[in-house]
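Me: I have a structure open and want to go through it piece by piece. Can you take my questions as they come?

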Amino acid sequence: MLPAPSLLRRAALSLAATALLAAPGCRPAAGPPPSAPSPLAQKDLPKFQRPTLSGGRIDTEAMRGQVVVVKFFAQYCEPCKRTLPEAEKLHRKHPNVAFVGVSEDEYASQAQQLVDGYGLSFPIVHDKGNVLAGRFRVSEMPVTFVVDPQGVVQWVGGPGQDEDDLAAAIEAYGG
């Protein structure tokens, strides 16, 4: 006895769907890695306007509509020295993503040394008086916030984060 045509049709569709999902480039996007705990998770990105070390200006309101990465660091932070080159690499790989570095160094000259030493090309804000660190509730560094195009903090990477984690978070939210 032969199977009913509807059963054959369902089997063929199931096989075709499996083949499509297995094809390179057709897989559903992987989700982001686990986020570090943060009071800002799933909340709007704190708004700020600040001058950059290079003389430009950062306005987070103007970044709406794109994925934004906000990375806090400092010269005295040893893990930051590992993650800054990784952030630069991802910044170059994802030109449609707005990267912003926030230096928690005491002096802007210390932040500039890191920019020069690592060849950072994304804009850096010197957080004089740690105002932004307070608004972002930064308690340890490095810490990185990935914000979706609607302006919501979707992922927070803590000191244990690596380049693969940040890359997966960026890609999960459209970067």
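Reply: Cys77 and Cys80 form a disulfide, with 2.3 Å between their sulfur atoms; a disulfide here is a pair of cysteine sulfur atoms within 2.5 Å. This is a predicted model, in which local features need pLDDT of at least 70 and side-chain atom pairs count only at pLDDT 80 or more, while totals for chains, interfaces and linings use all residues. Residues are numbered from 1 along each chain as its sequence is written, and side-chain values use heavy atoms, with hydrogens and water left out.

Me: How many disulfides does the structure hold?

Reply: One.

Me: What is the handedness of the Cys77 and Cys80 disulfide?

Reply: The torsion about the S-S bond is about 85°, so the disulfide of Cys77 and Cys80 is right-handed.

Me: And are Cys77 and Cys80 buried or exposed?

Reply: Both Cys77 and Cys80 are buried. Buried means under 20% relative accessible area, exposed over 50%, and partly exposed in between, using a 1.4 Å probe and protein chains only.

Me: Switching to aromatics. How many aromatic pairs are there?

Reply: Five aromatic pairs. Rings of Phe, Tyr and Trp (its six-membered ring) pair if their centres lie within 6.5 Å; planes under 30 degrees apart count as stacked, over 60 as edge-to-face and the rest as tilted. One of the pairs is Phe72 with Phe145: the ring centres are 6.0 Å apart and the planes at 75°, so this pair is edge-to-face.

Me: Where in the chain do Phe72 and Phe145 sit?

Reply: Phe72 is in strand 3 (residues 68-73) and Phe145 in strand 6 (residues 143-147), so to speak of distance, the pair links distant parts of the chain, 73 residues apart. Helices (H or I, at least four residues) and strands (E, at least two) are DSSP runs, numbered from the N terminus. Both Phe72 and Phe145 are buried.

Me: Which residues do ring pairs link into a cluster?

Reply: Phe48, Phe72, Phe136 and Phe145.

Me: Back to strand 6. How does it run relative to strand 7?

Reply: Strand 6 and strand 7 run antiparallel, joined by four bridges. Two strands pair if DSSP finds at least two bridges between them. Val146 has Trp155, in strand 7, as its bridge partner.

Me: What about the turn of that hairpin?

Reply: Five residues lie between strand 6 and strand 7, and Gly151 in the turn has a positive phi of about 90°.

Me: Why is strand 7 called largely enclosed?

Reply: Five of the five residues of strand 7 (residues 153-157) are buried, so the rest of the structure largely encloses the strand.

Me: Now charges. How many salt bridges?

Reply: Five. A salt bridge is a side-chain nitrogen of Lys or Arg within 4 Å of a carboxyl oxygen of Asp or Glu. Among them is Arg82 with Glu86, whose closest N and O atoms are 3.8 Å apart. Arg82 and Glu86 are four residues apart in helix 2 (residues 78-93), separated by about one helical turn. Arg82 counts as partly exposed at 38% relative accessibility, and Glu86 as buried at 16%.

Me: What does Arg92 pair with?

Reply: Glu88, at 2.6 Å from N to O. Arg92 is exposed, with a relative accessible area of 56%, whereas Glu88 is buried at 5%.

Me: And which residue meets Lys89?

Reply: Glu163, in a salt bridge of 3.4 Å, N to O. Glu163 lies in helix 5 (residues 163-172) and Lys89 in helix 2, so the pair ties together parts that are 74 residues apart in sequence. Lys89 counts as exposed, at 52% relative accessibility.
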